[in-house]
Amino acid sequence: MAENQLENSVQGQDSGAEKVEQIKQKVEGKPTANLEHFEYDNAIVRNFALASIIFGVVGMLVGLIVALQFVFPELNFGIPYTTFGRIRPLHTNAVIFAFVGNSIFAGVYYSLPRLLKTPMASKFLSNVNFWGWQLVILAAAITLPLGITSSKEYAELEWPIDIGIALVWVAFGVNMFMTIMKRRERHLYVAIWFYIATFLTVAMLHIVNNIELPISLTKSYSWYAGVQDALIQWWYGHNAVAFFLTTPVLGMMYYFVPKAANRPVYSYRLSIIHFWALIFIYIWAGPHHLLYTALPDWAQSLGTVFSVMLIFPSWGGMINGLLTLRGAWDRVRENPILKFFVVAITSYGMATFEGPMLSTKNLNAIAHYTDWIPAHVHVGALGWNGFMAFGMFYWMFPKIFNTKLYSMKMANVHFWLGTLGILFWALPMYWAGWTQASMWKQFTDEGMLAYPNFLETVTQLAPMYKMRAVGGLLYFSGMILAFVNLFATASQGSLIKKEAASAPAMAKTYRKHKGEHWHRWIERKPVPFFIWSLIAVLIGGAIEIIPTFMVKSNVPTIASVKPYTPLELEGRDLYIREGCNNCHSQMIRPFRSEVVRYGDYSKAGEFVYDHPFLWGSKRTGPDLHRLGGKYPNAWHYRHMLDPELTSPGSIMPPYPWLLENDLDASQISDKINAMRTLGVPYAEGYEEEAINDLNKQAEEIAADLKEQGYEVMSNKEIVALIAYLQRLGTDIKGEQAAEMAQN
Amino acid sequence: MKAILNIQSFKASKAVLASIVALGPLAAMAQDGAAASGSFMSDAMKASILVGMLVFQIILLFTVSGIIKSLTSNKQLWKSFATPQAKGAAGIALALMLITGTPVFAQGGAEATAFVLDSGLENLLLVMNGVLLLAIIYLLSTLRGLVTTLSDADKTAEELVEDKGWFGRIMFNMTDAVPVEDEEEILTDHDYDGIQELDNNLPPWWVMGFYITIACAVVYIGYYEVYLGGNISKKEYQAEMKAAEEAKEAYLAALGNSIDESNVEILVDASAIAKGKDIYDGNCVACHGGAGEGGVGPNLTDEYWLHGGGIKEVFSTIKYGVPAKGMIPWEDQLTPPQMQQVASYIMTLKGTNPPNPKEPQGEVWVEEGTESTEEEAPADSTVVVEESEELAATAQ
C-alpha cells in the first residue's frame, strides 16, 4: 500500500487534509533518489485551446446566421453556398467537432499527463492530432458549402475526410495509450476511464456509420439502406452525443472541477457505478430518434426503456460534479469559473432528464420533428459543452501562461450573457415546438385538420424564431468576450511551453492492501479496462443492429417498390447536395394527423433502395414522403424558382440555380453499378442504357413543363429534381388502397 | 461603513418582503386578467402588461438576490436579524407567491389543452413570467433557508436534523451524505495530481430511482412486446382512426345539415361570398390565379368548363378533385359549408374578364333547363382546346 500512496501524494499540494499531510511527511522522510524529472507540453494544450476559441467564434457566427435565416430568408443570400440546407451542417460540424472537439483535446492533453505523471508519449502524434484535426475542419468548411455531403447528420463529411478523421483519431488513441503505458501513477483516475471509453466508442461509431461505396472523390453511397441505414445512423448520432459530447466532458469535469474548487470528489463508488452503467446503457438508446417510424417496433421499445434507465447513470455524473462543490458554495458566488461549472453541470442534469422523457412515446409523438428538439439539444450544447469549455479555459489559461486572468469582470459578464442566451434560446423554442405540434395535430369537429396549410404552422412561429435569434446573439456576444479575454490573458503572460514536474518512478511490483476496493484492480490494468469497456459498448449495438439486418421480417418487402430511374437517382443526389433533408422529413408516422395531412404512413419496405435513407429529423417544412403526384411539374418548377410564388409567406430559400445549371449525368453508369453492388436490382448491363433512359424521362418532363408555359432545357438540374420529387412515395399507391380496404 | 450598508439593506429587505406580500396577489390578478380577457383587451395591451410584469419580476429578482448577497456577507448581523418574526415573514411571502403562482399555471394548462393559439408571443411572455416566478420562489426559499441555517449555526448536525422535523429526517436519510465537517472519515487514500476522492455512499434516492427505472423497463417490455405482442404504433394508429371516424360521424349526425353534391345550393349573401373569397385566396390562387384567370389550373372566369360549371359540378370538382390532372381533393381540408362557400364565390367570377386570362379549356357550360346551344369553342382556339385536353392532364 504505502509505496503507491507515497508516489501519488508528491504532487498533492492542494489538499489540506490531514491524511495527506501524514503521507507527505513520510515521503519527505524518504530519500528522493528515485524521484524522476520530466516536462509537460503546454504548447499543444495552448494550440488546441486557441483553435477551440477561434472555431467557437466562427461556428457560433454561422449558427447566428442560420437562426436569422428563419426570420429573414433573404439571408440565404441567393447563392447555393450559403443556403440553410448547406450551412446548417456547417454550423453543427463547426461547433461539435471544431469548438467542442478542440476543447476536449485541450482538456485531455492538459489533464491526462498530469493524472499519469508523465508527459504525452509522442510529441509527433500530438502534432498529427492537432494539425490533422484542423485539416479535417478546413476540409469540412470547404466541402459542406459546396454541397459535398453524405447527408447523414453529424456525419455529413464525405469518405476521404472520414478516412482522415479515422487516422487522426487513431493517432490520438495511440498517443493516449502509449502515455498510459509509460505512467508513473499506478491507478487510472475516473477521468481517464471516460477518456478511454470515448476513444474506443467514437472510433467504432465513426467507422461503422461511415461505411460507404465511393463513386468519385466527392461522392459515395451509404453501404446500408432505408431502415437499416436509419438505425446505424442514429446508433451513431445518439452515441456521438454520448461519447463525443458527454463522456470526454465528464472526464474533464472530474479533473477541472475538483481542481478549480479545491475539493475532493464527492463519491468514488458513485463514479464507478455511474461510469459503467452509463457506457453500457447509453449505446442502446439510439432508436429513440426513430420512434413511430418504420423501424421495427421491438427496437423502438428498447430505445425507449434504455433511455429511461439512462436518467440515473447520467445523474450520477451530475451529483458527483455538483456535490464536489460542497463546502465551496461560498466561492461559487464570487468565482466565475465555478459559476460556469455549476451551470454546465446543471444543464447536463436537465438535458439528461429531458432526453429520457422525450424518449417516451407520448412525449416523442409531440416533440419529434418540432423545434422542441433543437431546444433540448442546445441546453446540452450551450449549457453543458459550452460552459464546461469556458470554465476550463478561464481556469487553464492563467496556469499555462503564468499570469492572471486578464479580466474577471469580463468573465462574469460572459457568464451572465451566456446564461441569458441559453434561456432566450431554449424557452422560445420549447414554446415553438409545443405550438407547432399542437397545430399539426389539431382537428375540427368535422374531422378536418384545423390548420391544413402547413405554412400557417410556420408563420405562427415567427416571433419565437426572432427571440431565439436574440438568445443566439447573447450567447455569441459572450463568446466574443471569451475570445478577447483569453487572448488578452495569453498576450499579457508568457506560455510555459515546458512545465517542469517530478514524480517517483512506478515500482515494479504492487502489493494489494487490505480493505482495498475491488474496482482498484481494473484501475491499474489498462488493457483489461479497455477490453471490458469495449464489451460494455458492444452489447447494446449488437443486439439491436444484428437482428435488423439478419431477420427478414423486420423489413417486409413490398413487390411494387422498384429502384429509382437514372434521372430520379440524379435528382435524389441533388436533394442530398442541397441538404433538403435538413428541413423536410420523409417519414410519415402512423398518426391520424399525419395520414390526413400527408398520406398513408411510411412502411419499412418502401425504403429498401434508399442509399442513404433521407428520413430527416426536423420539419421546418412539410414531410415529403408522399409528395409524388401531389402537384403538377410546373408547381415544382415555380416553387424552386421562388417558393413565395406558390406558397406566399414561405421561409424556404429560392433555388434559381437549379433552373440554370446543367445536370452532370456523366457518372450515371458508375452510380448504377454502385447501386447494384449495394443490392439494388438493376439488370446486368443497365448501366449502358441508363443515360438513354435518363434523357428520355428528362425530355418528357421538359415537354410537360413547356406545355404549361415554362421553357426549360431537358438537361437542367431542375428536371432531375422534379423527377425525384414526383416519384416520392408513389410506389405503393395500389397496395395502399388494398390495405385500407382490409382495415 | 460596511455595517451601515448592511443595516440599510436589512431595512430594505423588510420593505421588500412587505411589498412582495402586498404585490404578489395583485400581480397574479393582472396575469389572470391578461390571460383570460381575450375579448376586451387588445393584443398590444396584453403584451405590454406582460412585459411590464416581466420587468417587475426581474427587478424583484435582483432585489431579493441582492439581499441574499449582502446579508450572507455579514453573518453576525444576519444572526441578530434572524428572529422568529422574520422567519415568519419569509414563510408568508413564500406561501403567497406559491398561491398566486398557481392560477397562472392553471391558466397556461387550460390554454394548452384547448390549443388556443391567438398569439404565440403572448403565450411565450406568459411562460417567461411563470419561469421568473419560479426563480423568485426559489430565491425566497433560499432566503428562508438562510435564516434557518444562520440562526441555527451553533447547533450540531444531529440537532439540526431533529429540528427539521420529519421532512428534514427524510432528506437526511435519502441523501446519506457524510457532512463536510466529518468528511475526513471517508477520505480515500487516492491522490491524482492533488485530486482526492471521498467515498460517500451512493445516495439512496439515486439508487432507488435507478431500480425503479429498471423495473419500469422490464414491465414495459414485458407488457407491450411480450404480453401484447408488439406492433404498438400500428395498433395505436388503428384505434385512433376508429375513434376519430366515430367522433366525426356522431358530430355530423348531430349537425344534421350535411351538404353534398346532390343537394348543394348556390349562396348569394355577401358574407358567404366573402368567406368563399377568403378560402379561395388562401388555397386556390396558386393554380387558378388571384382573379380566377387561370395559371397552372384552368380559367374560372370564362364560360368554358372541363368538369361542368354548375354549382353542383364545381362543388363536386372541389370535393373530390381531379387527381389525375393535379387538382387535389379538398374534402379532407374544407368542410362541406366551406366548399359550398368557395364554389359560390367561384360562380360570381363568371364573366369578370380579368387581365392575362388563360385560354379557354373544355366546353361551354350550359345550365340545365336553359336552351342548349351546343356551341363549340371559338373557331380560332379550337386547336388549342383539343391539345389542352391532354395538357390539362398535368396542368390542373
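The term salt bridge denotes a side-chain nitrogen of Lys or Arg within 4 Å of a carboxyl oxygen of Asp or Glu. Side chains of opposite charge can pair when their charged atoms come close. The model is predicted, with local features requiring pLDDT of at least 70 and side-chain atom pairs counting only at pLDDT 80 or more, while totals for chains, interfaces and linings use all residues. Residues are numbered from 1 along each chain as its sequence is written, chains are lettered from A and ligands numbered from 1 in the order in which they are written, and side-chain values use heavy atoms, leaving out hydrogens and water.

Between chain A and chain B, 4 salt bridges are counted. Helix α11 (residues 297-309) of chain A gives the most to the side of chain A that touches chain B, contributing 9 residues. By class, this side of chain A has 48 nonpolar, 25 polar and 23 charged residues; Ala, Val, Leu, Ile, Met, Phe, Trp, Tyr, Cys and Pro count as nonpolar, Asp, Glu, Lys and Arg as charged, and the others, Gly among them, as polar. In total, 96 residues of chain A are in contact (heavy atoms within 4.5 Å) with 75 residues of chain B. The area buried between the two chains is about 7700 Å², of which carbon and sulfur atoms give 62%. Buried area is the accessible area (1.4 Å probe) that two parts lose on being put together, summed over both.

Within chain A, attention turns to helix α22. Helices (H or I, at least four residues) and strands (E, at least two) are DSSP runs, numbered from the N terminus. Helix α22 comprises 12 residues (566-577) of chain A, which at 1.5 Å a residue should span 16 Å; the end C-alpha atoms are 17 Å apart, which agrees. The expected span is 1.5 Å times one less than the number of residues. Of the 12 residues of α22(A), 12 are buried, where buried means under 20% relative accessible area, exposed over 50%, and partly exposed in between (1.4 Å probe, protein chains only). The buried residues of α22(A) pack against several elements of chain A, including α4 (84-116), β3 (219-222) and α28 (686-707). Gly579(A), which follows the helix, has a positive phi near 70 degrees.

Over all chains, the count comes to 32 salt bridges. Asp573(A) forms one with Lys219(A), with the closest N and O atoms 3.3 Å apart. Asp573(A) lies in helix α22 and Lys219(A) in strand β3 of chain A, so the pair ties together parts that are 354 residues apart in sequence. Asp573(A) is buried, with a relative accessible area of 9%, and Lys219(A) counts as buried at 12%. Arg577(A) is linked with Arg86(A), Glu578(A) and Glu717(A) in a network of salt bridges.

Some backbone features were also identified. Most residues other than glycine have a negative phi, and most peptide bonds are trans. A cis peptide bond joins His611(A) and Pro612(A), with omega about -5 degrees. Phe77(A), although not a glycine, has a positive phi of about 65 degrees; Phe77(A) counts as partly exposed at 49% relative accessibility.
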